[in-house]
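Q: Here is a model to look at. How do its assignments follow from their definitions?

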Amino acid sequence: MTPTDLLDAGETPEPAAWGFATRAIRTGHRRTAEGEHSEPLFLTSSFVFQNAAEAAARFAGEAPGNVYSRFTNPTVRAFEERLAALEGGECCVATASGMAAILAVCLGLLKSGDRILASHSLFGTTTVLFDKYLSRFGIRTSYVPLSDLEAWASAIDGRTRLLFCETPSNPLAEMVDLRALAEIAHRYGALLVVDNCLCTPALQRPLALGSDLVVHSATKYLDGQGRCLGGAVVGDRQRVGEEVYGVLRTAGPSLSPFNAWVLLKGLETLELRMLAQAQAAQALAEWLRGQPAVLRVHYPGLADHPQYHLVGTQQRTGGALVSFEVAGGRAAAWRVIDSTRLLSITANLGDVKTTITHPATTTHARLTPEQRAAAGISEGLIRIAVGLEALDDIKTDLARGLNALSCPCS
């Protein structure tokens, strides 16, 4: 029995004409006999059956219904249905974290001897998962520059089963043309898996652009307030609803019902938050570009960004992540970070509170110097995940450290 089976069990689908904001608020909630207005929270490890025959039928997948919260829980299912509706996918499987989502995809769809082709511009832990752990089981990963379509086409071969990318990337906000990359993948019989963490379906829908699967760290913008961990895989009924779901049922990297309930609340304001944070990020990027101590600003909404042409077509806005480089390497970057009083010094992102971090020594610290260089992670790079505070207050907080760098007397 899959999540799709449960969805099909006598339920009426939501109107296809519903807009994004309506789906983000209404999809997946089936009121109980109590008549609750907010989604109920089912904090239970197991479920009771009417008789032994019903129990046997549910365990065998012959009858729909809840079995055990490792792989069937109404609150988790509501989150899965809502995110699938927002991404435009047939099915969603929720997991304990974003990394658990990526692992579930790989365990469900790959075998020894298969190959992953990925971009250099990945979250550091994703690279560690591919290189250190999947390689032990005979799954090899090769890397190419994210935006270089010719490099992708040249590196793919008959053993390649997955093309994996983040677009935009963390922390440099690089992008790749997803329609073109999907065409390359499908030409060789491979699947395109896109980490849509930084945009969310509010700003970008990779499945509509030809991608096969989407993965999320729901911990980030889907929650939006830094409250809990979660992950998800969205795609078709066969690959996600059977193969990835089978990994979840067997191995158990499950999303807790409580976290699913928190994430449901986050989805209700997703579009509002993403558009507001992206607007603030655009303004902050333009301001940073005028600061004497800043060497370079990385933000897709700036006209000099290499993939600026994809903003407004593939991606609604430039997103809420801004990174910039200062002269003086790690010491200078740390000085800017340590001078802040408002911004939160943390490696998490997607919060309504603006966060600041030094990628080379946090999110990408587990990479080798060579891997960081290939990914463009310099010692002078600083990443800002723009929240919802007053923009002038964010600027004032950053200016304290930036002014100290640009002052000759400092």
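Q: What makes Asn-73 a cap of the N-terminal end of H4?
A: A side-chain oxygen of Asn-73 lies 2.9 Å from the backbone nitrogen of Thr-75. A polar contact is a pair of N or O atoms within 3.5 Å; within protein, one must be able to donate a hydrogen and the other to accept it, and residues adjacent in sequence count only if both atoms are side-chain atoms. The model is predicted, with local features needing pLDDT of at least 70 and side-chain atom pairs 80 or more, while totals for chains, interfaces and linings use all residues. Residues are numbered from 1 along each chain as its sequence is written, and side-chain values use heavy atoms, leaving out hydrogens and water.

Q: Why is H4 called largely enclosed?
A: Buried means under 20% relative accessible area, exposed over 50%, partly exposed in between (1.4 Å probe, protein chains only). In H4, 13 of the 14 residues are buried, so the rest of the structure largely encloses this helix.

Q: How do you know that the span of H4 agrees with its 14 residues?
A: The expected span is 1.5 Å times one less than the number of residues. For H4 that should be 20 Å, and its end C-alpha atoms are 20 Å apart, so the two agree.

Q: What follows H4?
A: Gly-88 follows, with a positive phi near 80 degrees.

Q: What makes S4 and S5 a pair?
A: Two strands pair if DSSP finds at least two bridges between them. Strand S4 (residues 160–166) and strand S5 (residues 191–195) have five bridges, in the parallel sense. Glu-166 has Asp-195 in S5 as its bridge partner.

Definitions and conventions:
Helices (H or I, at least four residues) and strands (E, at least two) are DSSP runs, numbered from the N terminus.
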